[in-house]
Amino acid sequence: MRPGDQGRPHDAYFQALNDELKSHGPMRPALLIDLDRLDHNIEVVRRFLARSGKQLRLVEKSLPAPGLLRYIGERIGTRRLMSFHQPFLNHDARLFPEADILLGKPLPVRSAQLFYQQHRGPFDPARQLQWLIDTPERLRQYLGLAQGLGTRLRINIELDVGLHRGGVAEPRALAPLLQLIAEHPQHLEFAGFMGYDPFVGMNLPELLGTPNELLAKVMTLYQGHVDFTRQRFPALWREDLTLNTAGSPSYPAHAHESLSSEVAIGTGLLKPSHYDLPSLAEHVPAVFIATPVLKRTGALRLPALDDKSRLLSWWDVNRRETFFVYGGNWQADFVSPAGLRLSGLYGRSSNQELVNASPAVGLAVDDQVFLRPTQSEAVLLQFGDLLAVRGGKIVERWPVYTE
Ligand SMILES: Cc1ncc(COP(=O)(O)O)c(C=O)c1O
């Protein structure tokens, strides 16, 4: 039977998931991680790491479930995480006592203080954690925290390598930061740089530069900061500093530079639709939302218009069937069955969303519809446990991070 035949609305891939979810799923909106497809993406990244000699840091906010992070970390062989949120950071430190964690954004010093207050267990922040610092003012606040706690903080400095999201934009501006670190060896330790450059892999107009030209500019800026530090603060320089760069869109371009020591990747391993970029052409989508059809109500009928609505479905065959699905209004697009559309007239709903289709779609009440998220992070936190599937079967349930 073909997709659309009665009782088989999907192609073989989604039909297998539909059958599995109808018998073993929660029959409410669910977030699926396809492990076969994730394994493919892991392999693509693993080959890049082998080629480039770089290490991988997993972006925790983009893969916000400890089970998912553990699965990828074990397969790829990395203990490095990038964290962006104090409550998640505390979870990471407890759940991954061997981890090496770098903050991906500078947190208010009070957040850092809360981390220390709540931290329990063998994870040793003085060895295993790098705070990200963007200004001398923030570094002085962190120095105060370190003095109050009687500990030493490892400091990674945020560089502006062209993203213009803050951070140190020219080497001279490093001086007050490095000076402060050099003057307080009891409480501060220089741990490296972080320079994030997603624009290198985004589909920018050619006139702004090819990916290779953009990368060259990024690396010239990065190199300037490294040279300045080595020349002016040689005592702070060590060969094992963390020289972090990239994100999913730009990591492939970094195969050709040898300055950075590691790349940070999260979302690209799942490839939601905003990451349909030429730089990630080898990656495959590995994340979907599934939700059951609650009602099938025939041709689209709009409130108040009642029978006059019929004109709409007469005009457009793709409005001749109407479904209400469980939940909705996500940052996601319908992918299966083909031809599902939001009405555009009825209004969105997070509770029961209206979806139109042609009668040939073959969907019935209790069948699942599938959507592809546009991003990972926030979307992944909206469905309770992630359902990991392999070969069309649910094989694991992974709780997501909570506050
Ligand atoms: C500092 C930093 N590095 C890396 C990333 C890459 O994350 P992802 O691979 O999920 O896009 C991000 C994303 O926001 C980031 O802020």
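Pro337 is found in the loop between strand 12 (332-336) and strand 13 (341-342); strands here are DSSP runs of E, at least two residues long, and helices are runs of H or I of at least four, both numbered from the N terminus. The peptide bond from Ser336 to Pro337 is cis, with omega near 0 degrees. This is a predicted model, in which local features need pLDDT of at least 70 and side-chain atom pairs count only at pLDDT 80 or more, while totals for chains, interfaces and linings use all residues. Residues are numbered from 1 along each chain as its sequence is written.

Most residues other than glycine have a negative phi, and most peptide bonds are trans. Asn329, in the loop between strand 11 (321-326) and strand 12, has a positive phi near 60 degrees. Asn329 counts as exposed because it has 12 C-beta neighbours inside 10 Å; the cut-offs, for C-beta atoms placed from the backbone, are 12 or fewer others within 10 Å for exposed, 20 or more for buried, and partly exposed in between. His164 lies in the loop between strand 6 (153-159) and helix 8 (175-183) and has a positive phi of about 55 degrees. His164 is exposed too, with 9 other C-beta atoms within 10 Å.

As a whole, the protein has 11 helices and 17 strands. Its C-alpha atoms fill a box of roughly 80 × 50 × 45 Å along the principal axes, and 41% of its 403 residues count as buried. Of the contacts between residues at least 6 apart in sequence, 71% join residues at least 24 apart, a contact being two C-beta atoms, placed from the backbone, within 7 Å.

The domain assignment, which is automatic or from a database, gives domain 1 (12-32 + 285-398) and domain 2 (34-270). Their centres, taken over C-alpha atoms, are separated by 38 Å. The contact between them takes 16 residues from domain 1 and 15 residues from domain 2. On the domain 1 side, helix 11 (377-380), strand 16 (386-390) and strand 17 (393-398) each give two or more residues, and strand 16 gives the most, with 4. That side divides into 11 nonpolar, 2 polar and 3 charged residues. Ala, Val, Leu, Ile, Met, Phe, Trp, Tyr, Cys and Pro count as nonpolar, Asp, Glu, Lys and Arg as charged, and the others, Gly among them, as polar.

The shell around the ligand includes Val59, Ser62, Met82, Tyr196 and Gly266; a residue is near the ligand if its C-beta atom, placed from the backbone, lies within 6 Å. The shell divides into 5 nonpolar, 7 polar and no charged residues. Gly266 and Ala216 are 50 residues apart in sequence and 23 Å apart in space, C-alpha to C-alpha. Ala216 is found in helix 9 and is partly exposed, with 16 other C-beta atoms within 10 Å.

Met202 sits in the loop between strand 7 (188-195) and helix 9 (211-232). Met202 is partly exposed, with 17 other C-beta atoms within 10 Å. Leaving out residues up to four places away in sequence, Met202 touches Pro249 and Leu277. Met202 and His274 are 72 residues apart in sequence and 9.8 Å apart in space, C-alpha to C-alpha.

Finally, there is a helix pair. Gln86, Leu89 and Asn90 in helix 4 meet Ser111, Leu114, Phe115 and Gln118 in helix 5. By class, this contact has 3 nonpolar, 4 polar and no charged residues.
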